[in-house]
Each structure stands twice: as structure tokens, then as C-alpha cells.
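Here is a short walk through one model. Keep the sequence and the 3D view side by side as you read.

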Amino acid sequence: MNAIEFINVTKTYKKNITALNRLNITVKQGKLTGFIGVNGAGKTTSINIISGLLLPDFGNVKIFEEQIRKGDWAYKKSIGFVLEKPAYLEYLTGQEFLEFVSIMFEMSEDISKNRINELLEFFELTAQAKELIKTYSKGMIKKISLAAAILPRPKLLVLDEPLEGLDPISAYKTKKLFRSFVENGGTIFFSSHELGTVEDICDEIVVIHQGKNQFQGTIENFKKQFSIESSDITSLPLEELFVKMIDKNNTNNRNGVFNWI
């Protein structure tokens, strides 16, 4: 079963800026899938459409094989989100915010209390649990957003740059948590600029450019298709890696795999 499916999804903003251009992607249930692209490729737009913050101009989006439509909300009860602009109430404390999330998801008080304490401890926020979120650092805000997404034990996590702002130790622990989540039957779809991170933990990747799907599959097939070395994935910035991919597939110096001109 597919956890997420985009079918010819198109989204255009004002001034005729096309963010998504008949985008087709599938995210398999029970997999950890990385969503890759340079700034402006369409990653955040795609995630905002899944969350219901945006509506596509054209095309269909399915979550666990069910098409979502304007006004649908029930499907969100099976998804945990971390968005580019996190949905938190800054005049609540970290603990109050997680308690609010538990009420929204109709969790029992006993279960939610234990889960909240576990997550605060895991993300090293116990000492700041009673401080207002507006006083949190960028990394702490990312942690409380991740805690809120994971709290109700969703079937699917949809995460926009979930490791951005985390210190190395927290990032390492969170990556292990992601793998554990998937190994226990969950599904994760997350955007990232860090190809090394994606290679470390993902089962599959989706690469988009200019709102179109350019590749979907395993990292190994990605490297084979574009003749990319592992050392390049871990050392090159994403933009340079894309240029390298184009150069290796550009025989006439005009039309590479991403059709830049």
C-alpha cells in the first residue's frame, strides 16, 4: 500500500510561479523516504498540500489510498507533521503544548502523561518543560515540534527539514528514533538538504527539481543511474551534486537530465 500518492499535482503561485508541475510521487507504507531538492524545488509546497495548508490547482493526492479533498480533516489524525512554520502556541509552555496536542488527538490522560514525560526526556526538554515556547531556541522549537508529531503514535510522519537546528547528539538520537519508528510499522516522509543523512537512514528517496519528479528509488539505484560516488554524496553540497549529475548526463551541453534550459 502507498502511504502517500501525488497524481499529476500542479500548484502555481501568484506571478505565474509554478511550484509543482504535474508532480507524480509515491511513498510506500512502512518505508523511510527522503524528499530531496534544492531550494524552490517544490518540497515545502508538497508537504503543505499534504497537511491541508495548501490546495493543488490540479491533480489528486491520496493518503493510504484515500483521496483527500478540500475540507477533509479526518485523515490528519493518522499523521504527525513538522512543518516549515511549526504549528505551536508560543504562549504555552512546552508541557502545556504537548498536553493540548494529546487532547486534540483524544488520548487518555494516563497514556498521554507517560508519553509526554518520555518525549520531554528524550528530547532533553524536561528542564524547560514549564517555560514558554516563545523563549525556546530554534533547536528547542524543532524538538517540541517533533515531540508533538510523535506523541499520538501516528501511522505516518510528514516532516519538513526535521533535523535542521538540532545539535549533533540530538540529530543522531532523532535519526535512530526515525529508524525505530519505521521498523515498528510506521512510515516517514521527510525533506532534507543533507544527502549524507538521507543515505544513512532512508530506504528510498524522491528527488524533485522545478516541481517535477526526477528520480524515485533506492540510494544504490540513484548512484548507479547518475554515476555518483558515495564520497560525493557525503561531501558535496546538494546544488553541486545536482550540477555533477547534469554534467554526467549532458552529452551536448544543452539538455541535461533536469532540462535546465
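Glu161 is buried, at a relative accessible area of 12%. Buried means under 20% relative accessible area, exposed over 50%, and partly exposed in between, with a 1.4 Å probe and protein chains only. This is a predicted model, where local features need pLDDT of at least 70, side-chain atom pairs count only at pLDDT 80 or more, and totals for chains, interfaces and linings use all residues. Residues are numbered from 1 along each chain as its sequence is written, and side-chain values use heavy atoms, with hydrogens and water left out.

Where does Glu161 sit? Find the loop between β7 (156-160) and α5 (168-183). Helices (H or I, at least four residues) and strands (E, at least two) are DSSP runs, numbered from the N terminus.

Now look at what surrounds Glu161. Leaving aside residues up to four places away in sequence, Glu161 touches Lys43, Lys142, Ser191, Ser192 and His193. Contact here means heavy atoms within 4.5 Å. Leu83 is 78 residues from Glu161 in sequence, yet their C-alpha atoms are 8.1 Å apart in space.

Next, turn to the backbone. Most residues other than glycine have a negative phi. Phe64 has a positive one, near 50°. Phe64 lies in the loop between β4 (58-63) and β5 (66-67). Its relative accessible area is 11%, so Phe64 is buried.

Glu106 also has a positive phi, near 55°. The loop between α2 (94-104) and α3 (109-122) holds Glu106. Is Glu106 buried or exposed? Its relative accessibility is 64%, so Glu106 counts as exposed.
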